[in-house]
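Let's take a look at how the side chains in this protein pack together. Have the sequence and the 3D view open, and follow along.

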Amino acid sequence: MTDRNDITIAAFNGKAPRIHSSAFIAPGCRIIGDVEIGADASIWYNCVIRADINRVVIGARTNIQDGTVVHCDSPKPHRPEGYATIIGEDVLIGHMVMLHGCTLEDRAFIGLGAIVMDGSYVESDGMLAAGSQLTGKRIGARQLWMGRPAKYLRDLTDEAVVANQAGVKGYVLNGRLHAEALGLNG
């Protein structure tokens, strides 16, 4: 278990989180079990990342915004490997998102309050709109899906893709600024 008293980073069932030294972990976070967090990733205030029954991977420069819950799906007789939660690099995850047993490729975007369930897949530069729910479906590259249940809305423009990536860069910088303000550097 970590020695910071404002977060919990704990092993479970013999597997401990592996967090890159450049990642920002905000106060209030709970990171449990077989979790891997990449370089310059940011895990914002009061997130829960629990990999007790499968694994969770979070790629470099990805941000998991405030209040988000990330879990995974356990092995089942019809699916012995279960569903890990795999999040690529440069992914934007909005506030209060629920991710469970899904895969998000590099540069995916999940809007505020969205839910992404077991077996769902978001390809590179794909986007799930705020408040939407994706259940066992695949969002194609550069597609925007919306609704509960989520349905294809349209393809993203080049400008939207560029704006999303500017957001990633902004969160890397903002994570560094928060770490400095909280005295977490060094």
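Rings of Phe, Tyr and Trp (for Trp, its six-membered ring) count as a pair if their centres lie within 6.5 Å. With that rule, ring pairs join Phe 24, Trp 44, Tyr 45 and Tyr 171 into a cluster. Keep in mind that you're looking at a predicted model.

**The aromatic cluster**

- How many aromatic pairs are there by this rule? The count comes to four.
- A pair of aromatic rings is described by the distance of the centres and the angle of the planes.
- Take Phe 24 and Trp 44: their centres are 5.0 Å apart and their planes sit at 65 degrees, which makes the pair edge-to-face.
- Phe 24 belongs to strand β3 (residues 24-25) while Trp 44 is in the loop between β5 (42-43) and β6, so this pair ties together parts that are 20 residues apart in sequence.
- Phe 24 also pairs with Tyr 45, again edge-to-face, with 6.4 Å centre to centre and 70 degrees between the planes.
- That pair links distant parts of the chain too, with Phe 24 in strand β3 and Tyr 45 in the loop between β5 and β6, 21 residues apart.

**Buried or partly exposed?**

- Residues under 20% relative accessible area count as buried, so Phe 24, at 4% relative accessibility, is buried.
- Trp 44 is buried as well, with a relative accessible area of 3%.
- Tyr 45 comes out at 21% relative accessibility, so it counts as partly exposed.

**The nonpolar cores**

- In soluble globular proteins, nonpolar side chains tend to be buried together.
- Here, the largest nonpolar core has 35 residues, and the ones that touch the most other members are Ile 37, Ile 43, Ile 58, Leu 99, Leu 104, Ile 110 and Leu 128.
- Strands β4 (30-37) and β6 (48-58) each supply at least two residues of this core.
- Which strand gives the most to this core? It's β6, with four residues.
- Zoom in on Leu 104: leaving out residues up to four places away in sequence, Leu 104 touches Ile 86, Ile 87, Gly 88, Val 91, Ile 93, Leu 99, Ile 110, Val 116 and Val 122.
- There's also a second, separate core of five residues, including Met 127, Ala 129, Leu 144 and Leu 156.

**A charge over a ring**

- Arg 138 lies over the face of Tyr 121, at 3.8 Å from the ring centre.

How values were computed:
Residues numbered from 1 in each chain as written. Predicted model: local features only at pLDDT ≥ 70, side-chain atom pairs only at ≥ 80, totals over all residues. Heavy atoms only, no water. Core = buried A, V, L, I, M, F, W, Y, C linked by side-chain atoms within 4.5 Å. Buried < 20%, exposed > 50% of the residue type's maximum accessible area, 1.4 Å probe, protein only. Contact = heavy atoms within 4.5 Å. Phe/Tyr/Trp six-rings, centres within 6.5 Å; stacked < 30°, edge-to-face > 60°. Lys NZ or Arg CZ within 6 Å of the ring centre and 35° of its normal.
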